[in-house]
Amino acid sequence: MCAHVLVAEDDEMQAELIRRSLLAEGHTATVVHDGRAALDAVRRVAPDLVVLDLMLPVIDGFGVCRVLRRDADIPVVMLTARSAEDDVLLGLELGADDYMTKPYSPRELMARIRTVLRRSGRGAVSERREDPVVRAADLAVDPVRHEVRCDGAPVECTPAEFEILLAMAAEPERVFSRRQLLEVTRGTDRASTERAVDVHIMNLRRKIEADPRRPARLLTVFGVGYKLSGGRA
């Protein structure tokens, strides 16, 4: 079973642990750290399931869940350090499909996610995706093996570079702002800044472009950000 899971967790170490556990299970993941970013990501990537921390900044998990239940039909697994019965009941009343309190076992969380996906029917769609590799612009990005190939040749990437390529290959021709790419890398590079995104792009061009000074794949869209040119393979 392979699904795209949105992880909305403000604790970056916890978010990275969940992300790695999802990849090990064969899923792909988008990580965000506040409620507004979670709602933006739902509209942008249309995930199969949301892992939602209740104590998110900007908009808390309860608020995010209210919007999801009003505007979408996406399974939600709630996470929180608050184990009071009222919180559990409110989360379930808002439509959460499952609820786990911290600390929790990553293995148990993965088992809960499998169960919710199967129950919701989203997993049945994902099971047909036998090959998790994302292909675009003569690139092959493998989220399970954490490998990148360009024109068939292996490319060594840092974790942040890998996350940027995975996000852009999943949506070729889409223009990503520096802020959006920064959000993509925060699960792997907590010290990253918008300026650091430019450095990641420059390093990636050295690795995947025939002429990094005249890029044909990773293009700059002036005043906006960057895009990966080339349709999905």
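This is a predicted model: local features need pLDDT of at least 70, side-chain atom pairs count only at pLDDT 80 or more; totals for chains, interfaces and linings use all residues.
Q: Where else does a residue other than glycine have a positive phi, and what is its value at Glu173?
A: Phi of Glu173 is near 75°. Glu173 sits in the loop that runs between α7 (159-170) and β10 (176-177). Ala137, which is not a glycine either, has a positive phi of about 55°. Ala137 belongs to the loop between β6 (134-136) and β7 (139-142).

Q: Why is Glu173 called partly exposed?
A: The relative accessibility of Glu173 is 38%. Partly exposed is the class between the buried cut-off of under 20% and the exposed cut-off of over 50%, so Glu173, at 38%, counts as partly exposed.

Q: What makes Ala137 count as buried?
A: Buried means under 20% relative accessible area. Ala137 has 11%, and therefore it is buried.

Q: Which residues of α2 are buried, and what do they pack against?
A: The buried residues of α2 are Gly35, Ala37, Ala38, Leu39, Ala41, Val42 and Val45. They pack against the strands β1 (4-8), β2 (28-32) and β3 (49-53), and against the helix α3 (61-71).

Q: How do you know that Asp34 makes a polar contact at the start of α2?
A: A side-chain oxygen of Asp34 comes to within 3.0 Å of the backbone nitrogen of Arg36. The cut-off for such an N or O pair is 3.5 Å, so the Asp34 oxygen and the Arg36 nitrogen are within it.

Q: What makes Asp60 a cap for α3?
A: Asp60 caps the N-terminal end of α3, with a side-chain oxygen 3.2 Å from the backbone nitrogen of Phe62. This pair also falls within the 3.5 Å cut-off.

Q: Which residues of α3 are buried?
A: They are Gly61, Phe62, Gly63, Val64, Cys65, Val67 and Leu68.

Q: Why is Val64 called buried, and which residues does Val64 touch?
A: Val64 has a relative accessible area of 1%, and the cut-off is under 20%, so Val64 is buried. Leaving out residues up to four places away in sequence, Val64 touches Gly35, Ala38, Leu39, Leu52 and Ile59. Its C-alpha is 9.8 Å from that of Ala8, a residue 56 places away along the chain.

Q: What makes Leu56 buried, and where is Leu56 found?
A: Leu56 is found in the loop between β3 and α3. At 6%, its relative accessible area is under 20%, so Leu56 is buried. Residues that Leu56 touches, not counting those up to four places away in sequence, include Glu9, His33, Asp34 and Gly61. Leu56 and His33 are 23 residues apart in sequence, with 7.1 Å between their C-alpha atoms.

Q: Why is Glu16 called buried, and which side chain does Glu16 contact?
A: Glu16, in helix α1 (residues 12-24), has a relative accessible area of 12%, under the 20% cut-off, so it is buried. The side chains of Glu16 and Arg19 are joined by a polar contact of 2.8 Å.

Q: How do you know that Cys150 is in no disulfide?
A: A search of the whole structure finds zero disulfides. For Cys150, the nearest cysteine sulfur is that of Cys157, 9.6 Å away. A disulfide needs two cysteine sulfur atoms within 2.5 Å, so Cys150 is in no disulfide.

Q: What makes Cys150 and Cys65 buried?
A: The cut-off is under 20%. Cys150 has 9% relative accessibility, so it counts as buried. Cys65 has 0%, so it counts as buried too.

Q: How much space lies in the second largest pocket, and which residues are closest to its centre?
A: The second largest pocket holds about 340 Å³ of space. Its lining has 13 residues, and those closest to the centre are Ala37, Asp40, Arg179, Gln180 and Glu183. Two elements each give two or more residues to the lining: α2 (35-45) and α8 (178-185). The most come from α2, with five residues. By class, the lining has seven charged, five nonpolar and one polar.

Q: How many helices and strands does the protein have, and what share of residues is buried?
A: There are nine helices and twelve strands. Of the 233 residues, 50% count as buried. Among contacts between residues at least 6 apart in sequence, 59% join residues at least 24 apart.

Definitions and conventions. Residues are numbered from 1 along each chain as its sequence is written. Side-chain values use heavy atoms; hydrogens and water are left out. On a 1 Å grid over the protein atoms alone, a cavity is a set of points where a 1.4 Å probe fits but cannot get out, and a pocket is an open set with protein on both sides within 12 Å along at least five of seven lines; lining residues have an atom within 4 Å of a point. Grid points are joined across faces, edges and corners, and a volume is the space filled by probe spheres set on the points. Helices (H or I, at least four residues) and strands (E, at least two) are DSSP runs, numbered from the N terminus. Ala, Val, Leu, Ile, Met, Phe, Trp, Tyr, Cys and Pro count as nonpolar, Asp, Glu, Lys and Arg as charged, and the others, Gly among them, as polar. Buried means under 20% relative accessible area, exposed over 50%, partly exposed in between (1.4 Å probe, protein chains only). Contact means heavy atoms within 4.5 Å. A polar contact is a pair of N or O atoms within 3.5 Å; within protein, one must be able to donate a hydrogen and the other to accept it, and residues adjacent in sequence count only if both atoms are side-chain atoms.
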